[in-house]
Amino acid sequence: MQTIRALPRTTITTSLRVLRLPLSVAERVARQQDNESWPPALAFEKLEGRLETFAGSLLRDEDLAETGEQRTAKVVKLEEARALESAADYEKATAREEEREREAEITRQRARTNRAARDRKDTARAKAAREKQAADTAAAKREAAAEAKAAAQEKVIDRNERAAKAAALRAESDAIDLTDEALQAKETVDLIDETIDANKEARQTG
């Protein structure tokens with residue numbers, strides 16, 4: 001009985017191997033011989049498991065049916081693993097994309113911050129320049145006003161000095177005139193004295 005069952009099992013196994021030959025060639029070309037999760041290989045193994053399960057059930061070959069069920073379970077696990085890997089890859093790609101977006105946003109924020117800082121510096125420099133110019137203008141006006149005031153004071157001093165000199169000259173001239181008048185008066189007094197003395201002598205001798 002076991003030998004009778006082994007014959008169809010061998011036939012099915014051989015047939016499946018023959019059917020898999022083109023896939024084996026494709027695996028070598030694509031260098032996927034050791035990749036059980038390669039989609040074409042996974043699809044064939046799923047088909048292989050279903051055929052083994054069906055044939056085992058049809059032939060009442062429990063070993064063949066169990067092999068098919070195990071192969072199918074293996075394929076399910078591989079598909080789950082592949083799905084998990086795909087999900088993980090998607091999550092990684094999404095995380096990388098989000099990280100790139102965050103870095104890009106940080107770069108944009110840094111650029112905006114730098115532009116704002118430059119604008120503030122430019123505004124501060126322009127304001128400082130305006131204030132300096134205003135201060136320089138005010139200082140120049142104050143200096144000009146001080147120079148004008150000093151010049152006016154100098155003119156007043158010069159005018160007062162000239163007036164004082166003129167007054168001194170006039171006083172000196174007046175003093176000279178008074179001196180001349182005093183001399184003339186003295187001469188007159190001397191002349192009068194001489195006349196008086198002469199009159200006295202004349203009265204005494206006469």
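Start by selecting glutamate 201, which sits in helix H3 (residues 62-205); helices here are DSSP runs of H or I with at least four residues, numbered from the N terminus. Glutamate 201 is exposed, at 52% relative accessible area (buried is under 20%, exposed over 50%, partly exposed in between, with a 1.4 Å probe and protein chains only).

You are looking at a predicted model, where local features need pLDDT of at least 70, side-chain atom pairs count only at pLDDT 80 or more, and totals for chains, interfaces and linings use all residues. Residues are numbered from 1 along each chain as its sequence is written, and side-chain values use heavy atoms, leaving out hydrogens and water.

Now for the salt bridges, of which the structure holds ten (a side-chain nitrogen of Lys or Arg within 4 Å of a carboxyl oxygen of Asp or Glu). Pick arginine 71 and glutamate 48, whose closest N and O atoms are 3.7 Å apart. This pair ties together parts 23 residues apart in sequence, because arginine 71 lies in helix H3 and glutamate 48 in helix H2 (residues 39-59). Glutamate 48 is buried, at 13% relative accessibility.

Move on to lysine 77 and glutamate 80, which meet in a salt bridge at 3.8 Å, N to O. Lysine 77 is exposed at 58%, while glutamate 80 is partly exposed at 41%.

Finish with Glu101, Glu105, Arg108 and Arg112, linked in a salt-bridge network.

Note on methods
Helix = DSSP H or I, 4+ residues; strand = E, 2+ residues; numbered from the N terminus.
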